[in-house]
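I opened this notebook to record, entry by entry, what I looked up in the structure and what I found there.

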Amino acid sequence: MRNVGIIGVGYTPVFVSKRRDVNIAEMISEAVDAAFRNTGLGPEDIDAMVFGNMQTFEGLNLPHLWASEHIRALGKPIMRIATGGTTGMSALHAGYYHVASGLHDVVMVITYEKQSEGDSQVGLAGIITPEIMTMLSLGIDLTGGTGMGGLGGGSAGGVSFQANSYLNRSGATIEHIDKMAALERRNAALNPYAHLKDPDATPEKIAQTPLIAYPIRFGHVCPTTDGATVAILACEKKAAKLADKVAWINGLANCASDATTGNLIEGLITDPGEQRPCMIAAKKAYEMAGIEDPQKEIDMAEIYNGFAHQCLMFMDRLFLCGEREAHVLLDKGELEITGRIPVNPSGGVVSTNAIGTSALNRVTECALQIMDKIEGGHKVQKDVHNAVAHGWGGLMQYVTVTVLGDKPRKR
Amino acid sequence: MEELRETYITPVVPLDFTYNYRVGQYMERFLNSLKDKKLMGVKCPECGKVFVPPRMFCGSCNQKLDEWVEVAQTGMLANFTVGHVVLEKGARLAKAESPYVLGLIKLDDVDSLLLARVEKVAPADLKKGMRMKAVWKEELAGDYSDLDHFEPA
Ligand SMILES: [Zn+2]
């Protein structure tokens with residue numbers, strides 16, 4: 001298998017709630033243009049494309065074909081990937097397979113979401129209703145007060161059980177979730193590509209937002225965002241020729257458990273906070289990347305957190321700290337941009353969620369930190385040699401992990 | 001980026017889909033047994049775990065499950081949330097009339113959790129591990145709603 005590196009990234013000029021000034025394909029073209037601008041490459045350098053966005057959100061089933069000219073894909077191999085919240089990272093992984101296999105040398109990964117043009121609640125219902133078929137067949141009522149009531153607020157209701165379970169096992173409190181959300185909104189204020197920015201966010205301010213389903217408040221929840229992200233991947237030989245700096249994809253993995261709130265492979269079958277797929281995927285990805293002690297060797301993380309508690313919850317699932325430690329590190333200030341293990345310097349998904357891009361942005365943000373190409377004030381203060389990016393989605397039970405480094409993997 | 005204007009041409013596309021999913025053989029048997037005030041589960045021949053509601057496979061063992069067992073109607077509160085909003089038709093959020101409790105119930109001798117409404121306990125008094133019992137509707141229809149709620153035992 002060949003080594004694969006990220007040689008360039010392109011974002012739409014902004015990530016905001018409504019990009020009414022352009023249509024979907026036009027918006028996507030902006031990120032493609034940015035990637036070409038940032039790398040000095042052009043369409044002639046790209047061998048194949050992988051396209052990703054969330055299924056159902058804009059009700060489009062073939063957006064990659066609508067946008068085929070806008071992404072300069074005519075005459076080239078292209079496929080679309082949709083795995084839910086993890087879509088962006090799954091698309092990146094597919095791009096990796098293209099290059100690592102030796103089939104293609106330079107691949108462009110394109111992701112977008114234009115949530116303002118769909119109906120996000122219907123979109124979520126569109127995911128969760130047919131997919132919940134699995135849940136329905138496992139005893140969750142779609143029509144009455146119990147099942148979907150519990151999922152009130154799209155996935156917010158469902159993750160409330162997860163958050164509660166996390167608080168129980170970790171010893172963290174709802175105030176820690178407030179604190180994490182405030183930290184990320186402040187980080188977002190430094191990132192020109194973030195959506196919900198609040199330089200003055202405090203835990204107290206977050207705590208004033210109303211509860212949706214205990215312990216999840218509105219202030220813990222991601223926005224719906226319009227935006228697009230592009231990453232260009234290359235093999236070692238092409239990377240040396242085309243790029244001054246490269247962030248190497250040294251480890252990657254994904255893992256699923258079953259589709260119910262109770263996850264079959266997860267210990268007591270039912271704890272949505274256990275997230276064993278994350279541990280399984282993280283172990284594999286670190287092993288592939290040659291990372292023996294993530295707590296020592298990983299310099300920063302971008303963790304997928306549609307809801308603020310998830311950043312803390314997944315920290316220990318990614319072996320970045322002990323099981324009851326994430327909120328302690330938060331209290332010590334170690335998760336801040338200036339801290340020992342900065343987490344979500346970008347502001348995270350809780351601040352910006354153009355869903356198709358969200359899991360890819362976790363990777364591109366790590367890549368830009370490694371390449372020292374962060375625009376804006378959220379560059380972490382220490383040198384970043386290795387970073388971990390995480391994606392979460394599916395029906396609460398699917399996880400992707402990517403380990404990036406400033407040097408290519410030794411084989 | 002083009003300068004933002006007040007109006008853009010954005011035609012509304014009014015789609016209203018209706019789907020008809022079958023719940024499947026396992027859930028049908030479960031729902032039908034609710035009419036007799038019975039909670040039915042299936043047992044894995046390999047690990048011995050009992051699943052309620054029933055499912056076709058034990059994912060850990062990759063075993064097809066076909067041993068049906070009736071299970072206890074008592075158990076403990078394993079997890080809970082307090083809902084402050086409800087979903088209306090069209091998946092819109094609305095404020096709930098009053099906060100309501102949803103629990104994941106671990107029935108005695110069962111290894112999975114059952115999602116159910118929890119009543120007769122104030123949100124502030126909720127505790128993981130509380131003993132719970134099933135309460136049935138008076139008129140039974142072989143429907144999810146037959147099992148009305150759980151309350152402290
Ligand atoms: Zn089994």
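**Entry 1: an aromatic pair in chain A**

I began with two tyrosines and noted that A:Tyr11 and A:Tyr193 are both buried, where buried means under 20% relative accessible area, exposed over 50% and partly exposed in between, with a 1.4 Å probe and protein chains only. Before going on I wrote down the basis: this is a predicted model, in which local features need pLDDT of at least 70 and side-chain atom pairs count only at pLDDT 80 or more, while totals for chains, interfaces and linings use all residues. Residues are numbered from 1 along each chain as its sequence is written, chains are lettered from A and ligands numbered from 1 in the order in which they are written, and side-chain values use heavy atoms, with hydrogens and water left out.

I then looked up the aromatic pairs, taking rings of Phe, Tyr and Trp (its six-membered ring) as paired if their centres lie within 6.5 Å, with planes under 30 degrees apart counted as stacked, over 60 as edge-to-face and the rest as tilted. The count over all chains is seven aromatic pairs. In one of them, the ring centres of A:Tyr11 and A:Tyr193 are 4.7 Å apart and the planes stand at 45 degrees, so the pair is tilted. This pair links distant parts of the chain, 182 residues apart, with A:Tyr11 in strand β1 (residues 4-11) of chain A and A:Tyr193 in the loop between α7 (174-188) and α8 (203-207) of chain A. Helices (H or I, at least four residues) and strands (E, at least two) are DSSP runs, numbered from the N terminus. I also noted that A:Tyr11, A:Phe15 and A:Tyr193 form one aromatic cluster.

**Entry 2: the zinc site in chain B**

Which residues coordinate the zinc ion? I found B:Cys44, B:Cys47, B:Cys58 and B:Cys61, each through SG, at 2.3 to 2.4 Å; donors are N, O and S atoms within 2.8 Å of the metal (3.2 Å for Na, K and Ca), and since water is not among the atoms, sites may look incomplete. The angles subtended by the four donor atoms run from 104 to 117 degrees, which makes the arrangement tetrahedral; four donors count as tetrahedral if all angles lie between 85 and 135 degrees. For reference, the ideal angle for four tetrahedral donors is 109.5 degrees.

Along the chain the donors follow the spacing C-x2-C-x10-C-x2-C. B:Cys44 lies in the loop between β1 (40-43) and β2 (50-51) of chain B and B:Cys61 in the loop between β3 (57-58) and β4 (63-64) of chain B, so the pair ties together parts that are 17 residues apart in sequence. B:Cys44 and B:Cys61 are both buried, and for B:Cys44 the relative accessible area is 2%.

**Entry 3: strand β4 of chain A**

Strand β4 (residues 106-114) of chain A is mostly covered, with nine of its nine residues buried. Both faces are covered, with A:Val106 and A:Met108 among the buried residues on one side and A:Val107 and A:Val109 among those on the other. Two strands pair if DSSP finds at least two bridges between them. Strand β2 (residues 48-52) of chain A pairs with β4(A) in the parallel sense over five bridges, and A:Ala48 stands opposite A:Val107. Strand β7 (residues 226-235) of chain A pairs with β4(A) in the antiparallel sense over nine bridges, and there the bridge partner of A:Met108 is A:Ile232.

**Entry 4: backbone geometry**

I recorded two cis peptide bonds. One runs from A:Tyr214 to A:Pro215, with omega near -5 degrees, and A:Pro215 is found in the loop between β5 (211-213) and β6 (216-217) of chain A. Another joins B:Val52 and B:Pro53, with omega about -5 degrees, and B:Pro53 lies in the loop between β2 and β3 of chain B.

Is B:Asn62 buried or exposed? At 66% relative accessibility B:Asn62 counts as exposed, and its phi is near 50 degrees, a positive value in a residue other than glycine.

Terms used:
Tetrahedral: all angles 85-135°; square planar, octahedral: opposite > 155°, others 65-115°.
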